[in-house]
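User: I would like to learn how to read the features of a protein model, one at a time. Could you take me through the one shown here?

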Amino acid sequence: MFPNPSWGLLQMAATQDVKGKGEGGDQNFDYMFKLLIIGNSSVGKTSFLFRYADDAFTSAFVSTVGIDFKVKTVYKNDKRIKLQIWDTAGQERYRTITTAYYRGAMGFILMYDITNEESFGAVQDWSTQIKTYSWDNAQVVLAGNKCDMEEERVVSVDSGRLLAEQLGFEFFETSAKDNINVKQTFERLVDLICDKMSESLDTDPAVTTGAPTAKLTDSAPPLQQPACNC
């Protein structure tokens, strides 16, 4: 197991100023969260990511080779949060490659297919990998994907919810195809990360506190108009 630093060190990675460095184009942001989507092959990880990042869906299945990522910027309490979201291959032969990316991830979406019992049975193994290769304080949401395929369902909602409770994870049933709970899953994961960060005394309170109803948005906050002295 990799040594696990305190959440304060992980927070430093999220708040570091990397203007002009790294991938993803625009580097002007307040926080950067590294997120991973993991789970068995063909559960819909890539489609889920494309639905969230690009609001697009294709039924053509192309297995992810190794690992890929997309970047999306969201706003919370006037803070700009850059999400670096990694889409990992589910096949065993890529496991050594993908687990190398677990370190430094602040959040995981652990996905299974509600029409595939084997993918649901593998959730425990994926959970163990998170505990083995990631930080102790990484946050996890369990997602039962393809809930639009109700007639082919083999994993009940209650079974998914019960497993999530046993593992200490949040739970959503989702559909990339019908865009069900995709945005909500990511929003909840980011909220969990912000909540964990708020436990650190030196956290910038602007992103973790404020109005209880503050939510993530895809749009920048409006510019403040100067006061009129006329």
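**Reading the model**

Analyst: Asn179, at 39% relative accessibility, counts as partly exposed, because buried means under 20% relative accessible area, exposed over 50% and partly exposed in between, with a 1.4 Å probe and protein chains only. The model is predicted, so local features need pLDDT of at least 70 and side-chain atom pairs count only at pLDDT 80 or more, while totals for chains, interfaces and linings use all residues. Residues are numbered from 1 along each chain as its sequence is written, and side-chain values use heavy atoms, with hydrogens and water left out.

User: Where does Asn179 lie, and what phi does it have?

Analyst: As a general idea, most residues other than glycine have a negative phi. Asn179 is not a glycine, yet its phi is positive, at about 55°. This residue lies in the loop between E6 and H7; helices (H or I, at least four residues) and strands (E, at least two) are DSSP runs numbered from the N terminus. Lys146 is likewise not a glycine and has a positive phi of about 70°, and its place is in the loop between E5 and H6.

User: How many helices and strands does the protein have, and in what pattern do they follow along the sequence?

Analyst: There are 8 helices and 6 strands, and the sequence runs through them as α-β-α-β-β-α-β-α-α-β-α-β-α-α. Of its 230 residues, 47% count as buried. Contact means heavy atoms within 4.5 Å; among contacts with a separation of 6 or more, 74% join residues 24 or more positions apart.

User: Which residues of H2 are buried?

Analyst: In H2 (residues 45–54), they are Lys45, Phe48, Leu49, Arg51 and Tyr52. They fall within an arc of 160° seen down the axis, so they line one face of H2.

User: How is the packing of two helices described, and at what angle do the axes of H2 and H7 cross?

Analyst: Two packed helices are described by the angle between their axes and the distance between the axes. The axes of H2 and H7 (residues 182–197) come within 9 Å and cross at roughly 85°; axes are lines fitted to C-alpha atoms, for helices over the stretch in contact, and angles run from 0 to 180 degrees between N-to-C directions. H2 and H7 are therefore roughly perpendicular to each other, a class that spans 65 to 115 degrees, whereas under 35 counts as roughly parallel, over 145 as roughly antiparallel and the rest as oblique. Phe48, Arg51 and Tyr52 of H2 make the contact with Val182, Lys183, Thr185 and Phe186 of H7.

User: Which residues have the most contacts inside the largest nonpolar core?

Analyst: A nonpolar core is a set of buried Ala, Val, Leu, Ile, Met, Phe, Trp, Tyr and Cys residues joined through side-chain atoms within 4.5 Å. The largest has 26 residues, and Phe33, Leu83 and Phe186 have the most contacts inside it. H7 gives the most to this core, with 8 residues. Leaving aside neighbours within four places in sequence, Phe186 is in contact with Leu35, Ile37, Phe48, Tyr52, Ile85 and Ile109. A second, separate core of 24 residues includes Ile38, Ala105, Val123 and Trp126.

User: Finally, is Asn145 buried or exposed?

Analyst: Asn145, found in strand E5, counts as buried because its relative accessibility is 2%. Beyond its neighbours within four places in sequence, its contacts include Phe48, Asp113 and Ser175. By contrast, Asp136 is exposed, with a relative accessible area of 58%, and its place is in the loop between helix H5 (123–133) and strand E5 (139–145).

Technical notes. The arc is that of the directions from the helix axis to the C-beta atoms.
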